[in-house]
Amino acid sequence: MSVTPFQEPITADEIKDKARALGADLVGIADSAQINANPPDPDEPRIPANISDHDAGNVIVLGKRLSSGVTRIPRWNERHKYYNDELTMTTLEEIGLELVLWLETKGYPALIVPPTHVDPWRYRGDPDEHLKPLLPLEHCAVEAGLGTLGLNHQLLTPEYGPRVMLAGVLSTVPVECGAPMETGLCLGPECGRCLSACPGDVIGHWDRDWSACDKYRAPHGFHHLTDYLTNLMTEPDANKQKMMLRSEDSFDLWQSILRGAGAVTGCRRCNDVCPVGADYEKMLKDALDAIPEDTPEKEARLKAMAEAEARGAMPDGYERQKRWIGKPGYLEK
Ligand code: SF4
Ligand code: SF4
């Protein structure tokens, strides 16, 4: 027998109210049919239909804002940031689990899709290869109407700009879903603050080198662990090997394994300095206005991007993702 006869009627507003009562700062509902039909990576689709045959009709996207106190610390590799962000992620996962259990009391089986897990079948033996999470949650958030993608494909929201962490809950609840915003929130290359501040200089024109970014976004992640163990195992000098065991590298990896800080959290300097979001002016601008990482070379690159756009030449990175970036409203102004 199907689960349908046991289901209570429920509305999108009731789901959103429940998620907010549990502690979510943002909540939206995306129609999985739209994501299944428009996979952001058509060559390697990561879509709800691949996760559950029965309970993936929509994606409830939950957002938890990152705390402003640590955002105001300008150093990208600051352990307090890693740790506070890891706590945000844990809180978000707990909110997701509570929402799943609540939906199930109403008769709708549901499951959490976390922001950090990747599909082990996609791992090809190269720790430096960028592995994408099981669902493109930023794109799901756009489909739910929560925001649009920015110059480096980070999610921008009207409330918190990119300073928000996401989780997804899959279910098949017959409720009204959101729709993407028509006009993008990003201010384009004339702003370009994300690119100017990026410590790895990995941001392109509506693009990002994700593998290079991973070295910063997850500084003590799997690539660090494998490099470290390879160096340790191949060191011929026993004394040097002992010192390596006692090194800061070991300490960083141990702390990351203990809490995930530095492995599932890390650099978010592009989030911090983005002026989009009601929180920026109120809570952040005084501490983050200056960008010491900027260089004349980065400025010249941004200028060339802005000039190309003014001539109507949008790059491939924009064309491929324009459904989620939206119309470049800044060009109209
Ligand atoms: S997370 Fe850090 S390295 Fe990656 S794009 Fe943002 S600022 Fe650059
Ligand atoms: S910092 Fe500026 S260019 Fe970068 S995503 Fe934010 S608004 Fe767009």
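Colleague: What makes the largest nonpolar core count as one, and which residues have the most contacts inside it?

Modeller: It has 41 residues, and those with the most contacts inside it are Val59, Val61, Leu135, Ile203 and Trp206. The name rests on a rule: a nonpolar core is a set of buried Ala, Val, Leu, Ile, Met, Phe, Trp, Tyr and Cys residues joined through side-chain atoms within 4.5 Å. Buried here means under 20% relative accessible area, whereas exposed means over 50% and partly exposed lies in between (1.4 Å probe, protein chains only).

Colleague: Which elements give two or more residues to this core?

Modeller: Among them are strand 1 (26-31), strand 2 (58-65), helix 13 (296-310) and helix 14 (316-325). The largest share, four residues, comes from helix 5. Helices (H or I, at least four residues) and strands (E, at least two) are DSSP runs, numbered from the N terminus.

Colleague: Where does this core lie relative to domain 1 and domain 2, and how do you know?

Modeller: Domain 1 (4-171) and domain 2 (193-313) both give residues to this core, so it lies between them. The domain bounds come from an automatic or database domain assignment.

Colleague: Good to know! What should I keep in mind about the model itself?

Modeller: This is a predicted model, in which local features need pLDDT of at least 70 and side-chain atom pairs count only at pLDDT 80 or more, while totals for chains, interfaces and linings use all residues. Residues are numbered from 1 along each chain as its sequence is written, chains are lettered from A and ligands numbered from 1 in the order in which they are written, and side-chain values use heavy atoms, with hydrogens and water left out.

Colleague: Which residues come nearest to ligand 2?

Modeller: Cys186, Leu187, Cys191, Cys194 and Cys274 come nearest, out of 13 residues around ligand 2. A residue joins such a shell if one of its heavy atoms lies within 4 Å of the molecule.

Colleague: And why is the space taken by ligand 2 called a cavity?

Modeller: On a 1 Å grid over the protein atoms alone, a cavity is a set of points where a 1.4 Å probe fits but cannot get out. A molecule sits in one if more than half of its atoms lie within 2 Å of its grid points. The space taken by ligand 2 is the largest cavity. Domain 1 and domain 2 both give residues to the shell, so ligand 2 lies between them.

Colleague: How do you know whether His153 is buried or exposed?

Modeller: Its relative accessible area is 11%, so His153 is buried. His153 sits in the loop between strand 4 (148-149) and strand 5, and its phi is near 70°, a positive value in a residue other than glycine.

Colleague: What is Asp201 called on that scale, and why?

Modeller: Asp201 has a relative accessible area of 32%, so it is partly exposed. Its phi is near 50°, also positive in a residue other than glycine. Asp201 is in the loop between helix 6 and strand 7 (203-204).

Colleague: Last one: is Glu176 buried or exposed, and why?

Modeller: At 68% relative accessibility, Glu176 counts as exposed. Glu176 lies in the loop between strand 6 and helix 6.

Definitions and conventions. On a 1 Å grid over the protein atoms alone, a cavity is a set of points where a 1.4 Å probe fits but cannot get out, and a pocket is an open set with protein on both sides within 12 Å along at least five of seven lines; lining residues have an atom within 4 Å of a point.
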